[in-house]
Amino acid sequence: MKFSFKISILVLLPAASFGLRAGEPASTPAPIAITADLVDRLLGEAQGRNPALQAASARAEAANSAVAAVRTWEDPTASFGLSASTSRGFQSSEEGNLVYGVDQKLPLYGRPDLRRKVAAAEASREQLAADFTTQKLRRDLQVALSGLALAGREAEIAEEDLAWLDATLAEVDHRYRVGQAREVDWLKIQTARAMAGDDLTTKKRERDHSAFALNRLLNRGLHLPWPKVALPSLQPPIYYTAPLVNAALAAAPELKVMRQESVSAQAAADLTRRQRLPDVSVGVEARQYSGDGGFREGMATVSFSVPWLNRSRYDDDWRRDQQRKRASDLAATDYALSVREELHHHIVDLDGARRQAVLYRDQLIPLTRQTLSSAQAGWERNLGPFQDILDAHRMLLADQLALAHALYDQATRLAEISFLTGSRDVGALVALAGEASFDHDSQ
């Protein structure tokens, strides 16, 4: 997911360099850290609230009920009739004119067991689908928490920027009044202050929306506030290795569902193959006379269907189910290949985000701060233009936002990799992947 962000004209100006002191900040609660335990607690809360999880659970329960509902014996068929004879036929008093009976289809050829097997395969698929929905929600919660942390960090940078701009504005205004600053410098800082105030409003509203989105996943009150969430710190590198690939192929939730679809298709094909055999039923029939209620005769019957006339149609049904099974296998094979590609893509993006975070944290931000200090010193001594301070501030703000976005990208990629491999936290991922190798995907 890509985020666009607006760069204010000015960022932090050290008030101390102008002889100004900002007020002591009020003590605020420490931001909460995004940990596996926190995500697990939120997932446990969502289990009883999130409609998607509840719907998946209901489908799984319905499929389990379908297994128990498979009947070994079909319902018997009862019949009742009234016959009438002509002058050339038998007398009703002799043969009977009330006809009744019952017919029962026999559970032959293991069809009930096959139907039960089909239902059980479908129940397993629905349970895997429910697990997939749960793991997907866990990933979404991680991403939403990281998004809230990013929005909070952006708002925090904007607040700090506005505070320092106020201090800087006071200093520029003072120097302008005593003739030590140009009017255009005063206009630039006024413009920067106005734009920073508007940018802070935007960032606060974006933070509120991030909390709104997180509450939606938990099915809480949508406007309930959230405490400040800290962006995850820089994490160790993770490499694309054979153990990591194997873990993804074994644990990828959607791939499990697709493989179970193949099992369901095979069970359906086995049942279809038995449908070409005749249905056999046994029954009894009795006749009695309505005049005196006396029993006249009874007989036992055996009946069966004649499926051979539609043999080619049954063969087509079986071939249809076989092709569905083949399609499920091929789809699972293709998705297994896409899992490798997706995992590799996430690893590449994760490496890029990590390198970018290191670059901004260790090189660009310190260098920009140093340049900003030099520009401030030069301006205070009338040895440099005020525009140099503005330019350095723009770069510093851009670097700070870029660092925040790099840490957010790292967190989202780790969430995706954890989702594919079934790993609960970063430590497990690092241990699973191990050291980098060059023949990791030779298999």
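Which helices each supply at least two residues of the lining of the second largest pocket?

1. The model is predicted, so that local features need pLDDT of at least 70 and side-chain atom pairs count only at pLDDT 80 or more, while totals for chains, interfaces and linings use all residues. Residues are numbered from 1 along each chain as its sequence is written, and side-chain values use heavy atoms, with hydrogens and water left out.

2. Helix 4 (111–177) and helix 5 (183–218) are the helices in question, and helix 5 gives the most to this lining, with six residues. The lining has 18 residues, among which Leu148, Arg207, Asp208, Ala211 and Trp226 lie nearest the centre of the pocket, and the space inside is about 310 Å³.

3. Ser262, placed in helix 7 (residues 253–274), counts as buried because its relative accessibility is 6%, where buried means under 20% relative accessible area, exposed over 50%, and partly exposed in between (1.4 Å probe, protein chains only). Leaving aside residues up to four places away in sequence, Ser262 touches Lys325, Ser328 and Asp329, contact meaning heavy atoms within 4.5 Å.

4. Trp308 lies in the loop between strand 4 (295–304) and helix 8 (311–380), and with a relative accessible area of 48% this residue is partly exposed. Trp308 also belongs to a nonpolar surface patch with Val282, Val302, Phe304, Val306 and Leu309, which together have about 670 Å² of accessible area. Patch residues have over 30% relative accessible area and no salt bridge, and nonpolar side chains (Val, Leu, Ile, Met, Phe, Trp, Tyr) are joined within 5 Å.

Definitions and conventions: Patch = residues over 30% accessible without salt bridge, like charges linked within 9 Å, V, L, I, M, F, W, Y side chains within 5 Å. Areas by Shrake-Rupley, 256 points an atom, 1.4 Å probe, with all protein chains shown as cover. Salt bridge = Lys/Arg side-chain N within 4 Å of Asp/Glu carboxyl O. Helix = DSSP H or I, 4+ residues; strand = E, 2+ residues; numbered from the N terminus. 1 Å grid on protein atoms, 1.4 Å probe; cavity = no way out; pocket = protein on both sides within 12 Å on 5 of 7 lines; lining within 4 Å. Points joined across faces, edges and corners; volume = space filled by probe spheres on them.
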